[in-house]
Amino acid sequence: MRLLKISALKWYQLISGLRKRGGGVRESGAFLLSKIGSDRICKIIFYDELDPEVSASGIIRFNGSGYIKLWPLLRNWGMEVVADIHTHPDSNTNQSFADKSHPMIRLKGHIALIAPFYAMYRWINPNVCSAYLYEGSFQWRSLDQNFPIKTTWL
Ligand SMILES: [Zn+2]
């Protein structure tokens with residue numbers, strides 16, 4: 001199991017960005033990128049940067065055309081998506097049926113995070129979120145006992 005690292009500053013920017021986009025009334029989300037083969041998350045792409053209508057219904061509905069914008073960026077930067085994150089309205093960070101049946105990246109080993117309360121806290125330690133490992137064939141494993149993301153100062 002890989003342990004991902006993210007700087008505390010980048011995590012703060014991530015949570016702030018989710019909070020701002022959600023405004024306490026709708027879900028928001030982002031892709032977390034690393035250089036290929038690296039465990040350090042070094043870039044965030046919010047879903048609305050690829051699909052401006054992603055949160056229009058209140059829940060995440062990422063249009064397939066967003067991937068057509070995403071793939072060339074990854075290629076140009078030499079990066080891959082190692083995880084995604086989206087918010088839920090309340091304390092329930094269990095995966096919904098839609099979450100389970102629509103992995104944002106359909107690769108074994110992909111990690112999906114769910115942040116509570118539309119990320120409205122000023123600071124959320126990563127392990128306030130729930131984490132799920134994609135095992136292929138729409139099967140997921142909870143990583144809450146073995147949390148896969150750690151913040152670092154640098
Ligand atoms: Zn969800």
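Two strands pair if DSSP finds at least two bridges between them. Helices (H or I, at least four residues) and strands (E, at least two) are themselves DSSP runs, numbered from the N terminus. The structure shown is a predicted model, in which local features need pLDDT of at least 70 and side-chain atom pairs count only at pLDDT 80 or more, while totals for chains, interfaces and linings use all residues. Residue numbers start from 1 along each chain as its sequence is written.

**View 1. The pairing of strands E6 and E7.** Strands E6 and E7 run antiparallel and are joined by three bridges. Within this pair, Tyr 132 stands opposite Ser 142 in E7.

**View 2. The open sheet.** Six strands, in the order E3-E2-E4-E5-E6-E7, form an open sheet with mixed pairing. E3 and strand E7 (140-142) stand at the edges with a single partner strand each, so one side of each has no neighbour in the sheet. From one strand to the next, the twist averages 30 degrees. Strands of a sheet pair through backbone hydrogen bonds, either parallel or antiparallel.

**View 3. The hairpin of E2 and E3.** Five bridges join E2 to E3, and the two strands run antiparallel. Ala 30 stands opposite Phe 46 in E3. Five residues lie between the strands of this hairpin, and Gly 37 in the turn has a positive phi of about 85 degrees.

**View 4. Helix H1 across the sheet.** H1 lies across E2, E3, E4 and E5, and runs at about 5 degrees to E3. Here axes are lines fitted to C-alpha atoms, for helices over the stretch in contact, and angles run from 0 to 180 degrees between N-to-C directions. Two residues are in contact if their C-beta atoms, placed from the backbone, lie within 7 Å.

**View 5. The largest nonpolar core.** Leu 32 and Leu 113 touch the most other members among the 34 residues of this core. Strand E1 (4-7), helix H1 (8-22), strand E2 (29-35), strand E3 (41-46), strand E4 (79-87), E5 and E6 each supply at least two residues. E5 gives the most, with five residues. A nonpolar core is a set of buried Ala, Val, Leu, Ile, Met, Phe, Trp, Tyr and Cys residues joined through C-beta atoms within 7 Å; buried means that 20 or more other C-beta atoms, placed from the backbone, lie within 10 Å of a residue's own, and exposed means 12 or fewer.

**View 6. The surroundings of Trp 123.** Trp 123 is placed in the loop between strand E5 (111-115) and strand E6 (130-134). Trp 123 counts as exposed because it has 10 C-beta neighbours inside 10 Å.
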